[in-house]
Number of protein chains: 2
Amino acid sequence: MAVKLQTKYLEPFVREHELFGMQHEVEAAHKLLEEKNGLGNDYLGWLYLPRDYDKEEFARIQAAAKQIQKDSDVLVVIGIGGSYLGARAAIELLTSPMYNLLPKQTPNIYFAGNSISPTALQEILQLCEGKDVSLNVISKSGTTTEPALAFRIFREFMQKKYGEDAKKRIYVTTDKARGTLKKFSDEQGYQTFVIPDDVGGRYSVLTAVGLLPIAVAGVDIEQIMQGAQNAMENLSVCDLGINDCYRYAALRNILGRKGKSIELLVSYEPAFTLMNEWYKQLFGESEGKDHKGIFPASVVFSTDLHSMGQFIQDGSRILFETVVDIKRPKRDLTVKEDPSNVDGLNFLTGMQMSYINQKAMQGTILAHTEGGTPNLVLEIEEMNPFAFGYLVYFFEKACAISGYLSGINPFDQPGVEGYKTNMFALLGKPGYEDKQQQLLEKLK
Amino acid sequence: MAVKLQTKYLEPFVREHELFGMQHEVEAAHKLLEEKNGLGNDYLGWLYLPRDYDKEEFARIQAAAKQIQKDSDVLVVIGIGGSYLGARAAIELLTSPMYNLLPKQTPNIYFAGNSISPTALQEILQLCEGKDVSLNVISKSGTTTEPALAFRIFREFMQKKYGEDAKKRIYVTTDKARGTLKKFSDEQGYQTFVIPDDVGGRYSVLTAVGLLPIAVAGVDIEQIMQGAQNAMENLSVCDLGINDCYRYAALRNILGRKGKSIELLVSYEPAFTLMNEWYKQLFGESEGKDHKGIFPASVVFSTDLHSMGQFIQDGSRILFETVVDIKRPKRDLTVKEDPSNVDGLNFLTGMQMSYINQKAMQGTILAHTEGGTPNLVLEIEEMNPFAFGYLVYFFEKACAISGYLSGINPFDQPGVEGYKTNMFALLGKPGYEDKQQQLLEKLK
């Protein structure tokens, strides 16, 4: 199994019987998923996606990625939320957070349309100057403000640069049939890929949404799907004794019920930084509703031991940690002897940095546990596309089970509409006149 | 005033008399700072630093920055925690988070020694291949593991590349007199800058610690100091009616006492991302102790409205937001009409993106407030070096006052030692044999 849950550090916080006290609830949650009769059951496409995904489209994704690698210096990926985080997280984790700076054979990849900052958009435009560019626009409806604004600007950029040929460089990932963007793309002759109806944004990284940009970065997406499929098979048995994913879901609920209102996802690799953001969307958007939910936060150690470490060790006792322990690094380094020993670290001579990083992790887990912060550990031998696919599925299923355990709909996000409605009203969108008056009153 | 606190959205959550009920506590906290007799009073050097800083050293910092700009393609900054976050936050906020990718006249700047990841370190080494490099090593003692390991490796790199001349490219920011690194630097002939004894790491961005790397990026550090000095003067009067910094400190404590256990720092500019991390260290390390403290977290909108937005709108009602409202962007863009209007956004035609971003902010504040999440707003006309200096001092002083209001020592960080001791023991450092045995027992 590519991801193993280690619970030995949890002993002082959760007793053995507590976990098995959850078995009946977990069984009920498992049944809701399997029988598709729980809240949000229209959005269960991710559950068997690693087995049932569209193989013909998958081949088209691979072909498109090859084409982009061949004819482009830059791929601009336009999307927000679930149409942004998964791909970026995968690319940073599986290649490098410095992917765009490092020498390589594949195009630079910039993510646009995930904010309304004109500065950020102008900078990406500047980075495209004089380069051969392809676009991947990812939007279910085509009307989400942030990506739509960016697409307007980049479409103009592409048309100016390539004229009629621009259409060969624009790849659109959108609804299969409905939505204005699908219709428009067909008219324009853009190649399109599908965001399945039954897969929500935050569950979509293993669809074309994530896979096309990830493949352009040179990552083996077949291995990702195999990892996910392996997880799907391994994590299908409803037994807390052997299903680590269900055990994780149950334990985080137990901790939440004991007043631990924040979960900190912890990694010891800077490359995991965007993966933390992906996890925060997955759990925050799934569970943060009906005035409930564990607040998802994250740190990268040992960096953040020198910022949030103090709080975790001895601040408000309202959090627990889930540590992602990646045992083998992509690249290693051996500490050499220094005759001056100015830093007093010659006792580390001959050790690999990865070994030191491991000891920092073990030492930290013991220190934080002693300080009263429960620690769960997800062990991963090596981070590669297979393990990434496994981990994604592991978290997705854990989130679904965990959401059902806390009695909410893990698949909707009604709260995201509030700001949109207000924004449209304040911007004077036709049809929002009454709302606009109300809001202007409040802003006075 | 470069930073103004807007509290009108707070009305449903905090009544007017509550704020003035805090006046006596705030006065007591103010006195502790001014009379230097509170907890941690050895670390108040930051309080009058914008007036009293060493002008001779400041000129040396500017000269060193010019030299590095002239003779280097790359500056590698080695430091962790307070010796890392401030400089990086300033550079990303005042130039761009894509500083290293964008065309410019100043050197690329890479931050090393802020983790134990060998992969991250190898990648920075790779980026230095064939480039002219300078080093800025920032460490009070010189023995902190992360930067010390990186310095070992980069010292070797520099010596191989430059031989005897390496010393002219190594700049060390460290203790004034004590510490092995100061002695070693003098022996080797490195130019040194001072980390003052009475300024803690998280309060050090306005010393050489932050200023040298920031100046290398081409930012006007005189303007930064002027902004900080302006803040120092403006924020010295102990009156909640006019001192926005004290009002902010009091209000966050009021909200904390009402059960809001998480403060989310919010910005609408991706360039603010690392500034969020700086804020998290400042408040997390200052206040997260004695099992107390508001947990500092952060988001960048509208990006994270599509991830954490749901939770903030309708999840557990345990958080409040502090929105940094930067009114004018560095660069703007106007929305053009699109004949196809495929996205339905033609009602935005002719608007500037910065205006749309502002409306998104206002709409979000109203929506979140309505949902039960209190919102404070820090208004800033434009983000420039002056405003940055002002904002840094604003937060520093707010953190000190807030810490005294909650009865803790805002200037120590005893909890950071726990992981270090355990790590050393597990790595077999001489003198830690007993501890090692205990820990190995626990790890079994």
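Axes here are lines fitted to C-alpha atoms, for helices over the stretch in contact, and the angles between their N-to-C directions run from 0 to 180 degrees. The model is a predicted one.

Q: What makes helix α16 of chain A and helix α14 of chain B oblique to each other?
A: Helix α16 (residues 417-426) of chain A packs against helix α14 (residues 353-371) of chain B at an angle of about 130 degrees, with the axes 8 Å apart. Angles over 145 degrees count as roughly antiparallel and those of 65 to 115 degrees as roughly perpendicular, while the rest, once the roughly parallel ones under 35 degrees are also set aside, count as oblique. The pair α16(A) and α14(B) is therefore called oblique, and the crossing of these two helices is right-handed.

Q: Which residues of α16(A) and α14(B) meet, and how do they divide by class?
A: On the side of α16(A), the residues are G418(A), Y419(A), N422(A), M423(A) and L426(A), and they meet Y355(B), K359(B), A360(B), Q362(B), G363(B), T364(B), L366(B) and A367(B) of α14(B). Seven residues of this contact between α16(A) and α14(B) are nonpolar, five are polar and one is charged.

Q: Why are α16(A) and α17(A) called roughly perpendicular?
A: The axes of α16(A) and helix α17 (residues 433-443) of chain A come within 8 Å and cross at roughly 90 degrees. The range for roughly perpendicular is 65 to 115 degrees, and α16(A) and α17(A) are therefore described in that way. In this contact T421(A), N422(A), A425(A) and L426(A) of α16(A) meet K435(A), Q436(A), L439(A), L440(A) and L443(A) of α17(A), and the residues divide into five nonpolar, three polar and one charged.

Q: What makes α10(B) oblique to α15(B)?
A: Helix α10 (residues 221-234) and helix α15 (residues 385-405), both of chain B, pack at an angle of about 45 degrees, with their axes 6 Å apart. Roughly parallel requires an angle under 35 degrees and roughly perpendicular begins at 65 degrees, so α10(B) is oblique to α15(B). Their crossing is right-handed. From α10(B), the residues in contact include Q223(B), I224(B), G227(B) and A231(B), and from α15(B) they include P385(B), F386(B), F388(B) and Y393(B). By class, the contact of α10(B) with α15(B) has nine nonpolar, six polar and no charged residues.

Q: How do you know that helix α5 of chain A is mostly covered?
A: Buried means under 20% relative accessible area, and nine of the ten residues of helix α5 (residues 85-94) of chain A are buried. The buried residues are L85(A), G86(A), A87(A), A89(A), A90(A), I91(A), E92(A), L93(A) and L94(A). Among the elements of chain A that cover them are β3 (108-112), α9 (208-216), α10 (221-234), α12 (273-287) and α15 (385-405).

Q: Why does T322(B) count as buried, and what does its side chain join?
A: The relative accessibility of T322(B) is 0%, and with the cut-off for buried at under 20%, T322(B) therefore counts as buried. T322(B) has its place in strand β9 (residues 319-328) of chain B, and a polar contact of 2.6 Å joins its side chain to that of E263(B). Leaving aside residues up to four places away in sequence, T322(B) touches Y248(B), E263(B), L264(B), L265(B), V266(B), L376(B) and L378(B).

Q: Why does S402(B) count as buried?
A: S402(B), which is in helix α15 of chain B, has a relative accessibility of 0% and therefore counts as buried. The side chains of S402(B) and E287(B) are joined by a polar contact of 2.6 Å. Residues up to four places away in sequence aside, S402(B) touches A249(B), R252(B), N253(B) and E287(B).

Q: Why is N341 called partly exposed in chain A and in chain B?
A: Partly exposed covers what lies between buried, under 20%, and exposed, over 50%. N341(A), at 28% relative accessibility, therefore counts as partly exposed, and N341(B), at 29%, is therefore also partly exposed. N341(A) is in the loop between β9 (319-328) and α14 (353-371) of chain A, and N341(B) lies in the loop between β9 and α14 of chain B. Phi of N341(A) is near 45 degrees, a positive value in a residue other than glycine, and phi of N341(B) is near 45 degrees as well.

How values were computed:
Residues numbered from 1 in each chain as written. Chains lettered and ligands numbered in written order. Predicted model: local features only at pLDDT ≥ 70, side-chain atom pairs only at ≥ 80, totals over all residues. Heavy atoms only, no water. Helix = DSSP H or I, 4+ residues; strand = E, 2+ residues; numbered from the N terminus. Left-handed = near helix turned anticlockwise from the far one by under 90°. Contact = heavy atoms within 4.5 Å. Nonpolar A, V, L, I, M, F, W, Y, C, P; charged D, E, K, R; others polar. Buried < 20%, exposed > 50% of the residue type's maximum accessible area, 1.4 Å probe, protein only. Polar contact = N/O pair within 3.5 Å; in protein donor to acceptor, adjacent residues only side chain to side chain.
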